[in-house]
Amino acid sequence: MRKAKALASERQLQANRRNSARSTGPRSRAGKGRSSKNSLRHGLSIDLRIRVEEIELLAREFADDHSDERILKDIQKLAQATSDLERVTRYKLSLVERVLLVGRLNRSYWPNQFDPIIFTAREVRQIDRALNGSRMPRLRRIKPPLPLPPNEPARLSEAFRRAIPELLAVERYERAFLARFIVALRSMFRRT
């Protein structure tokens, strides 16, 4: 048997209201601009329904001769989830390839010009603030990465080890896409 939820006391309600009044998110234009770009780190949180033709081709390939409208809708959902899972896989492989190429994911070298592709957004803002204040930017020096092992199995495993933090950050998107795939698959099999 389930317990009934206890109602919050008046004191708890007032404390909740005070806390929520303090945490309303960014208020300045700059803060709102920064927070609006929180999900643009890897692009996996963006819903890419733009590739309609690719999804339709994949759905037709899955569908064979089915003409039931509900099954076709489930197949389209399955194709979308499959496409999203492929996108996550491509991103994860690109992370490991980047580590194999450079030796690490974060910046480990000083370029001769300030380039937003080479620096993170935070570093670019730090450089801008310093230059606007007529002073030299102070960027933390990063030790050069240890070289990757020369033999192939050890080299690849070390690349994966160095990419683990980013791979773990992407895992939640992969789980969400996989859950959508399983739901669509179950729904399709229930109808057939």
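Set aside the neighbours within four places in sequence, and Lys92 is in contact with Leu167, Val170 and Glu174. Lys92 itself lies in helix α4. In this predicted model, its relative accessible area comes to 24%; Lys92 therefore counts as partly exposed, since buried means under 20%. Another residue to look at from here is Phe160: Lys92 and Phe160 are 68 residues apart in sequence, while their C-alpha atoms are 9.8 Å apart in space.

Now let's step back to the helices. Two packed helices are described by the angle between their axes and the distance between the axes. Helix α4 covers residues 69-102, and helix α6 covers residues 152-191. Their axes come within 9 Å and cross at roughly 175°. Angles over 145 degrees count as roughly antiparallel, so α4 and α6 are roughly antiparallel to each other. Sorted by class, their contact has 23 nonpolar, three polar and twelve charged residues.

The largest nonpolar core comes next, with twelve residues in all, including Leu85, Tyr91, Val99, Ala163, Leu167 and Phe177. Helices α4 and α6 each supply at least two residues of this core. Apart from it lies another core, of ten residues, among them Leu58, Ala63, Ile71 and Met188.

Among the helices, confidence is highest in α6, at a mean of 88, and lowest in α3 (residues 52-63), at 75. Over residues 107-117, pLDDT stays under 50, and the model has 19 contacts beyond four places in sequence for this stretch.

Definitions and conventions: Residues numbered from 1 in each chain as written. Predicted model: local features only at pLDDT ≥ 70, side-chain atom pairs only at ≥ 80, totals over all residues. Heavy atoms only, no water. pLDDT = per-residue confidence, 0-100. Helix = DSSP H or I, 4+ residues; strand = E, 2+ residues; numbered from the N terminus. Contact = heavy atoms within 4.5 Å. Axes fitted to C-alpha atoms, helices over the stretch in contact; angles between N-to-C directions. Parallel < 35°, antiparallel > 145°, perpendicular 65-115°, else oblique. Nonpolar A, V, L, I, M, F, W, Y, C, P; charged D, E, K, R; others polar. Core = buried A, V, L, I, M, F, W, Y, C linked by side-chain atoms within 4.5 Å. Buried < 20%, exposed > 50% of the residue type's maximum accessible area, 1.4 Å probe, protein only.
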